[in-house]
Amino acid sequence: MRRVVSLVPSLTEAVAVSAPGLLVGATDWCTHPADLGGAERIGGTKNPDVGRIVALHPDLVIANEEENRAPDLDALRAAGVEVLVTEVRDLPQALRELDRVLVGALGLARPGWLADAEAAWARAEPVGELTGFVPVWRRPWMVLGRDTFAGDLLGRLGVRNVYAGHAERYPRVAVGELAAAGCDLVVLPDEPYAFAAGDGPEAFPGLPAALVSGRHLTWYGPSLAEAPTVLAQALRAAR
């Protein structure tokens, strides 16, 4: 495999760290690592420039069923481009999909950081027995619902998402309902919405707020190796 285009920031980092030089294209949202070796920017995850991707003559485009739109992927296939679509709903599936992309599709040796990530999560310990909710957007407020990778990571650290049983994966919930949910804390990642100390916690007065790195909570790539420590520190600081 010689030429790869990634439409997923997590997978961009995974490929760039594991095999520098393979990437010829990446989205505008692909921020890690800082140096992508001259890979061309091909638009956003939801609005990639299909024509520009095709012009790069990739051997493979890697995508995700949640982050990328089916019509864009269908257009790439119609142009003769091979597309590999991942699905990631929990940690075990993330590890399997990373193996499928890096080892199975790209023919790489299994990277050391992937083994480090497995080991780090195998020894991760809960910070307590807590209930919480996880906003991912405001105006309107949206939270993690059922069947999400980020929710699975938090569960492994002892935080039960009170909306994990919701019918939707990312339900809209009124801020008053969130504040009255009777949780131990609110977890506020800095992406996709950039929650910060002055933007988010004030909506839930009296409720401890854990400000966490969105990359460590929602990305499945090299950041997984340090994610248990980084996230646990933020959760403990909130308490």
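Against which elements do the buried residues of α6 pack? Before the reply, two remarks on the basis of these notes. The model is a predicted one, in which local features need pLDDT of at least 70 and side-chain atom pairs count only at pLDDT 80 or more, while totals for chains, interfaces and linings use all residues. Residues are numbered from 1 along each chain as its sequence is written, and side-chain values use heavy atoms, with hydrogens and water left out.

1. Helix α6. The buried residues of α6 pack against α4 (91–105), α5 (112–122), β9 (159–161), β10 (185–189), α8 and α9 (227–238). Here helices (H or I, at least four residues) and strands (E, at least two) are DSSP runs, numbered from the N terminus, and contact means heavy atoms within 4.5 Å. F149, A150, G151, L153 and L154 are the buried residues in question, where buried means under 20% relative accessible area, exposed over 50% and partly exposed in between (1.4 Å probe, protein chains only). After α6 comes G158, with a positive phi near 95 degrees.

2. V159 in β9. Strand β9 contains V159, which counts as buried because its relative accessibility is 3%. Residues up to four places away in sequence aside, V159 touches L130, G132, L154, L185 and L235. Its C-alpha lies 5.4 Å from that of T131, although V159 and T131 are 28 residues apart in sequence.

3. The nonpolar cores. A nonpolar core is taken as a set of buried Ala, Val, Leu, Ile, Met, Phe, Trp, Tyr and Cys residues joined through side-chain atoms within 4.5 Å. The largest has 52 residues, and within it L224 and L235 touch the most other members. Beyond its neighbours within four places in sequence, L224 is in contact with L91, L95, L98, A117, W121, F149, L153 and W219. Another core, of 14 residues, lies apart from it and includes Y163, V173, C183 and L188.

4. The open sheet. Five strands, in the order β3-β2-β1-β4-β5, form an open sheet with parallel pairing, two strands being counted as paired if DSSP finds at least two bridges between them. At the edges are β3 (40–41) and β5, each of which pairs on one side only. Between β1 and β2 there are three bridges in the parallel sense, and S6 stands opposite A26 in β2.

5. Strand β4. All of the five residues of β4 (residues 60–64) are buried, so this strand is largely enclosed by the rest of the structure. L60, I62 and N64 point one way from β4, whereas V61 and A63 point the other way. Strand β1 (residues 4–6) pairs with β4 in the parallel sense over three bridges, with L60 as the bridge partner of V4; β4 also pairs in parallel with β5 (residues 83–86) over four bridges, where I62 stands opposite L84. Together with helix α3 (residues 70–78), β4 and β5 make a right-handed β-α-β unit; right-handed means that, with the strands pointing away from the viewer, the path from the first strand over the helix to the second runs clockwise.

6. V24 in β2. V24 belongs to strand β2 (residues 23–26) and counts as buried because its relative accessibility is 14%. Neighbours within four places in sequence aside, V24 is in contact with R3, V4, V5, A39, E40 and L56.

7. Backbone geometry to inspect. Most residues other than glycine have a negative phi, and most peptide bonds are trans. A cis peptide bond joins H32 and P33, with omega about -10 degrees, and P33 is in the loop between β2 and β3. Another cis peptide bond joins E191 and P192, with omega about 5 degrees, and P192 is in the loop between β10 and β11 (209–212). H57 has a positive phi near 55 degrees and sits in the loop between α2 (50–55) and β4, where H57 is exposed, with a relative accessible area of 62%. D147 likewise has a positive phi, of about 60 degrees, and lies in the loop between β8 (142–143) and α6; D147 is partly exposed, at 39% relative accessible area.
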